[in-house]
Amino acid sequence: MKRYLPVYYLGLKNSLIYRANMIMKLVLQLASLLVTVLMWKFILAESGNFQQMARYLLATNLISLIFTTGPVFQFADMVESGNLSLYLTRPLSLYWYLFNYNLGLQTPLLLLYLILLLFLVKSAGPVFLLLIYLFLSSLMFFSLMMVLAMLSFWLLNM
């Protein structure tokens with residue numbers, strides 16, 4: 001895994017290269033989350049389930065960020081442009097290359113959601129278990145997306 005750290009760093013650098021774009025993305029994510037939370041606070045004004053709803057909304061935003069179809073389109077672009085052979089001749093796994101690159105792209109928003117989630121949860125134990133669950137489920141989802149990407153490679157050649 002040590003050799004994939006530069007790939008992760010490349011994804012992180014690519015997500016932060018346009019600082020204003022990243023700041024606007026973070027602000028828009030926070031604004032969207034704030035509007036949703038305030039709407040649910042208004043709806044659940046009578047019941048005491050607001051904190052549970054806020055945790056639920058943060059978790060669903062976090063999960064929607066992790067479960068993205070971006071790697072499928074990235075792989076399809078590699079196939080279409082002919083750059084796939086560049087990655088296949090290197091002593092790197094294409095699977096882990098794309099996984100770490102996309103993880104680097106999503107790191108700023110992941111950190112934002114995890115910090116917000118830590119404020120709503122009183123102990124770090126459930127957040128740690130959530131992180132383990134999210135990591136394993138993101139690996140499973142990423143594997144499924146790579147299978148679909150491989151099928152698109154086959155379908156493009158048909």
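**The nonpolar surface patch**

Mentor: Start with Leu 155, which lies in helix H7, spanning residues 124–157. The model is predicted, so each value here is computed from predicted coordinates. Leu 155 has a relative accessible area of 56%, and it counts as exposed because the cut-off for that class is over 50%. Leu 155 is one of the residues of a nonpolar surface patch, together with Leu 144, Val 147, Leu 148, Leu 151 and Trp 154. The patch covers about 590 Å².

Now set this against the whole chain. Its accessible surface comes to about 10400 Å², and carbon and sulfur atoms account for 71% of that area. Of the 158 residues, 33% are buried. The chain has seven helices and zero strands, so the order of elements from the N terminus reads α-α-α-α-α-α-α. The C-alpha trace spans about 60 × 30 × 30 Å along its principal axes.

Leaving aside residues up to four places away in sequence, Gln 106 touches Leu 65, Ile 66 and Thr 68. As for contacts across the chain, among those between residues at least 6 apart in sequence, 80% join residues at least 24 apart.

Note on methods: Residues numbered from 1 in each chain as written. Predicted model: local features only at pLDDT ≥ 70, side-chain atom pairs only at ≥ 80, totals over all residues. Heavy atoms only, no water. Patch = residues over 30% accessible without salt bridge, like charges linked within 9 Å, V, L, I, M, F, W, Y side chains within 5 Å. Areas by Shrake-Rupley, 256 points an atom, 1.4 Å probe, with all protein chains shown as cover. Salt bridge = Lys/Arg side-chain N within 4 Å of Asp/Glu carboxyl O. Helix = DSSP H or I, 4+ residues; strand = E, 2+ residues; numbered from the N terminus. Buried < 20%, exposed > 50% of the residue type's maximum accessible area, 1.4 Å probe, protein only. Contact = heavy atoms within 4.5 Å.
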